[in-house]
Amino acid sequence: MDRPLRILMIASEAVPFAKTGGLADVAGTLPRVLRGRGHELLVVLPRYGWIDGARHGLRPFHAPMGVWMGGGVEEWCAVEAAELGGVTFALVRHDGHFDRPLLYHDAQFNDYQDNPRRFAFLTRAALQLCRDRGWAPDVVHVHDWQTALGPAYLKVWHWNDAALGGAASVLTIHNIAYQGRYPATHWPYIGLREDHFTPDDFEDHGATNFLKGGIRFADVVGTVSPTYARETLGPIGGHGVGPYLARRGADYVGILNGVDYAEWDPAVDRKIPARYDANDLTGKATCKRELQRRLGLEEADDVPLVGVVSRFVEQKGLDLLAPALGPIVRGMRVQFAILGSGDQQLERFFGTLPRWYPGRVGARIGYDDGLAHWIEAGADCFLMPSRYEPCGLNQIYSLRYGTLPIVRATGGLDDTVEQYDERTGDGTGFKFASATPGAVHDTVGWAVSTFYDRRAHFEAMRRRAMARDFSWDRSAAAYERLYRRALAVHRSL
Ligand code: ADP
Ligand code: GLC
């Protein structure tokens, strides 16, 4: 048996402490699964001001801690920690950087101008914590642009450290569109050398690009589904950094995310009105009725109900749904339950729909975890018309809730949903290729007609979907292989 590994994860969000999207689900869950498989884990996050320390059992862990940034600037912070599932979650407290109402931007969705400093600091603080405590990781696993400086710090400054010299680095890309591209004026604070501000490393048309440098310096690079790994090598999917990924050859891999079935399984979900499983779906009918009641929809079990839970950003393709929605609701007997927030125009559009289509469309603007569970359980179908989707978690949750996904065949959506075959009844969902309102309209129509006209197929698909297994164990085993590969690469340098 391979020996257990010591793994440091650095992330800008992780459940249950802070979450804006799927990154938090992964960064909060994967460590606990790896712990369960015998590894030793330390997860370092920002201590955002609004995190309820008492609720999470945060206690003082390490203070004071001085962190050297570039230009001889030493910044001081304190570290608080909580143990969850045998994993130490260490939260770096620096109120100047992290005591703000939202994670990355203000209420108007303007990025905080000092984001590169905030997350460069977090990343260096995580490494400093290892040094201060003499905790020597085998692997440092960073996520997205926010912590993508980690591999470069290790290689440039810590290659000979007692604590960090042996650490291999792994970068996981959850979304290649966010690269952390900021003015070069931040470079001195970041604290890497001038000779790394080159087009091969961090420089990008005169700006600093965190993700690009991470791709260059990490021992191995991963993303969150095999199809997205392929898509990101191309000129469109790669958002400008595709060629740098291509250079990494076999050291760039896609590993599908797992999901946390302790949190997202209708057989055990305490957040939904009734529990159910594939053997007995009566609880699902209850969930549907309760959801209809809560959102002011007509309480009918013979009308298909389509759910949407999403960030309203270009990626998610809800602007493709917007023009299709009127024709769908006028032309078909179908209901919608929509939850999300983000783009103000889309918020206004979806927020006013219930007034236009009373009893047919229910919508809530905002972030509401409880309602997200209700929609997964109460809907018959779940719509994700994403332009691109690195992995996507909601469609995987939907499968387990017997709520058939209607998805654009891209990234992880394509890897996790099996296309319905009208002849045989096979499949677990409905997929379309083109990113157009027409395709959204027609594919919703296909699902709706299957609900009405091929009901036996629909019900068999539900049960098939519920039996699909995307638990973390399989993905965790793939991460173990990735870590060992990173160690081999690191040792060969
Ligand atoms: P992304 O990370 O790109 O937003 P994912 O599908 O990986 O997409 O993850 C989205 C996660 O965020 C899911 O757990 C989903 O339930 C949750 N989520 C997104 N928007 C909302 C919302 N408005 N209210 C509650 N949960 C939401
Ligand atoms: C990103 C992606 C999403 C993925 C999540 C977790 O937020 O947009 O598709 O599921 O990261 O990896």
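This is a predicted model: local features need pLDDT of at least 70, side-chain atom pairs count only at pLDDT 80 or more; totals for chains, interfaces and linings use all residues.
Me: Hi! Between which strand and helix is the loop where Pro16 lies?

Reply: Residues are numbered from 1 along each chain as its sequence is written, while chains are lettered from A and ligands numbered from 1 in the order in which they are written. Helices (H or I, at least four residues) and strands (E, at least two) are DSSP runs numbered from the N terminus. The loop that holds Pro16 sits between strand E1 (6-10) and H1.

Me: What is the omega of the peptide bond from Val15 to Pro16?

Reply: Most peptide bonds are trans. The bond from Ala63 to Pro64 is cis, with omega near -10°, and Pro64 lies in strand E3 (residues 59-68). The bond from Val15 to Pro16 is cis too, with omega near 5°.

Me: Which residues come nearest to ligand 1?

Reply: A residue is near a molecule or strand if one of its heavy atoms lies within 4 Å of it. There are 21 residues around ligand 1, and the nearest are Gly22, Arg311, Lys316, Gly366 and Leu393.

Me: How much of ligand 1 does the protein bury?

Reply: Start with polar contacts, which are pairs of N or O atoms within 3.5 Å; within protein, one must be able to donate a hydrogen and the other to accept it, and residues adjacent in sequence count only if both atoms are side-chain atoms. A polar side-chain atom of Lys316 lies 2.8 Å from an oxygen atom of ligand 1, and a backbone N or O atom of Asp368 lies 3.0 Å from a nitrogen atom of ligand 1. Accessible areas come from the Shrake-Rupley method with a 1.4 Å probe, and for residues only the protein chains shown count as cover. Taken alone, ligand 1 exposes 560 Å², and the share of that buried by the protein is 93%.

Me: Which residue has a side-chain N or O atom 2.6 Å from an oxygen atom of ligand 2?

Reply: Around ligand 2 there are 13 residues, with His174, Asn257, Gln315, Glu389 and Gly392 the closest. A backbone N or O atom of Gly392 lies 2.8 Å from an oxygen atom of ligand 2, and a polar backbone atom of Cys391 is 3.0 Å from an oxygen atom of ligand 2. The side-chain N or O atom at 2.6 Å belongs to His174.

Me: Where does Asp144 lie?

Reply: Most residues other than glycine have a negative phi. Asp144 is not a glycine, yet has a positive phi of about 60°. Asp144 lies in the loop between strand E6 (139-143) and helix H5 (150-157).

Conventions:
Side-chain values use heavy atoms; hydrogens and water are left out.
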